[in-house]
Amino acid sequence: MSKRRKKNHEEDHMGEDWLLPYADILTLLLALFIVLFASSSVDAKKFEQISNSFNSAFDGGTGIMDHPEMVPEMEELAGEDSMELSETSDASAAEEEAAALADQEELQGIKEKVDQFIQDRGLEEELNTSISEDGLMLSIEDNILFNSGEDEVREEAEALSDEISELLVLSPPRNIVISGHTDNVPISNADFETNWDLSVLRAVHFMQLLLNNPDLDPAIFSAKGYGEHNPTASNDTAEGRAQNRRVEILVLPLTEDTAP
């Protein structure tokens with residue numbers, strides 16, 4: 001009898017009081033996620049609207065179900081912010097694409113100028129140009145600049161180097177990479193341990209010759225050596241090996257990272 005009275009007593013005191021704090025916790029969680037979603041691009045006016053909605057909902061302390069008008073308002077604000085972010089992203093992508101196309105057209109103009117220089121001097125067999133996403137490439141066969149197995153530019157090629165340097169005076173200036181390449185025949189002299197050594201020094205010495213032009217900024221130049229590891233033709237033939245022995249001048253596109 002005593003146990004039954006105790007059980008009935010406990011049941012009499014179990015009500016729905018726990019629902020109020022539970023509802024408030026759900027309200028806070030919902031509000032938190034809405035704010036995190038909407039605050040990425042919220043201006044002062046929208047922040048004030050959000051704040052007013054929160055104040056209206058929380059003043060009564062009874063949970064979000066007593067203020068259902070708050071949910072569509074917050075969803076509308078979040079939707080507006082999401083639309084603004086999407087429009088901004090689309091506009092930025094369109095601007096980048098337009099800038100890239102304009103830059104490719106400018107590189108094409110530089111290429112035409114270099115091609116005319118090559119044609120005027122009858123150097124079509126030794127020099128050639130191409131354009132890719134990497135930039136404008138001018139490739140020069142090594143025999144027009146260097147003696148076999150040597151890294152110093154031949155004296156009779158210095159005039160050609162001076163003329164090429166004038167072609168690299170651009171407005172605005174662009175970053176320029178000089179790279180040396182060889183065939184896969186092992187180097188056989190005491191000056192170089194590997195083709196890699198030869199290719200690096202050829203790139204450096206040719207770059208130094210170009211930079212005798214006072215109108216070129218050394219800060220936009222760099223040099224690389226690839227040895228035999230970046231061929232453009234097969235090394236199985238004499239003709240292919242001749243094509244692989246080269247120095248390349250890469251004029252980079254103008255981007256946020258490369259523009260001075």
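1. Let's start on the inside. Ile 110, Val 114, Leu 136, Met 137, Leu 138, Ile 164, Leu 167, Leu 168, Ile 249 and Val 251 line the largest cavity. Helix H4 (70-120), strand S2 (135-141), helix H5 (158-167) and strand S5 (246-251) are the elements that each give two or more residues to that lining. The biggest share comes from S2, with three residues. Keep in mind as you read on that this is a predicted model.

2. What classes of residue make up the lining of the largest cavity? There are 10 nonpolar residues, no polar ones and no charged ones. The space in this cavity is about 80 Å³, and a search of the whole structure turns up one cavity of 30 Å³ or more.

3. Now step back to the whole chain. You'll find seven helices and five strands in it. If you walk along the sequence, the order is α-α-α-α-β-β-α-β-α-β-α-β.

4. The chain has 260 residues, and 33% of them are buried. Its accessible surface is about 16,300 Å², with 53% of that belonging to carbon and sulfur atoms. Take the contacts with a separation of 6 or more: 67% of these are between residues 24 or more positions apart.

5. On to the pockets. The largest pocket has a volume of about 300 Å³. It has 11 lining residues, and those nearest its centre are Glu 96, Ala 99, Ala 100, Leu 254 and Thr 255. How many of the lining residues are nonpolar, polar and charged? The count is four nonpolar, two polar and five charged.

6. The second largest pocket holds about 230 Å³ of space. Its lining has 14 residues, with Ser 148, Gly 149, Ile 187, Leu 198 and Arg 245 nearest the centre. By class, the lining of the second largest pocket splits into four nonpolar, six polar and four charged residues.

7. Have a look at Phe 192, which sits in the loop between S3 and H6. Is Phe 192 buried or exposed? Its relative accessible area is 7%, so Phe 192 is buried, the cut-off being under 20%. Leaving out residues up to four places away in sequence, Phe 192 touches Gly 149, Asp 151, Ile 187, Asp 197, Leu 198 and Leu 201. Among these, Gly 149 is 43 residues away from Phe 192 in sequence, while the two C-alpha atoms are 8.7 Å apart in space. Gly 149, Ile 187 and Leu 198 also turned up among the residues nearest the centre of the second largest pocket.

8. Why does Asn 195 count as buried? Because its relative accessibility is 6%, and buried means under 20%. A polar atom of the Asn 195 side chain lies 2.9 Å from the backbone oxygen of Val 185. Setting aside neighbours within four places in sequence, Asn 195 is in contact with Thr 182, Asp 183, Asn 184, Val 185, Pro 186, Ile 187, Gly 227 and Glu 228.

9. One last thing to check in the backbone: which residues does a cis peptide bond join? They are Ser 171 and Pro 172, and omega there is about 0°. You can find Pro 172 in the loop between H5 and strand S3 (176-181).

Technical notes
Residues numbered from 1 in each chain as written. Predicted model: local features only at pLDDT ≥ 70, side-chain atom pairs only at ≥ 80, totals over all residues. Heavy atoms only, no water. Helix = DSSP H or I, 4+ residues; strand = E, 2+ residues; numbered from the N terminus. Buried < 20%, exposed > 50% of the residue type's maximum accessible area, 1.4 Å probe, protein only. Contact = heavy atoms within 4.5 Å. Areas by Shrake-Rupley, 256 points an atom, 1.4 Å probe, with all protein chains shown as cover. 1 Å grid on protein atoms, 1.4 Å probe; cavity = no way out; pocket = protein on both sides within 12 Å on 5 of 7 lines; lining within 4 Å. Points joined across faces, edges and corners; volume = space filled by probe spheres on them. Nonpolar A, V, L, I, M, F, W, Y, C, P; charged D, E, K, R; others polar. Polar contact = N/O pair within 3.5 Å; in protein donor to acceptor, adjacent residues only side chain to side chain.
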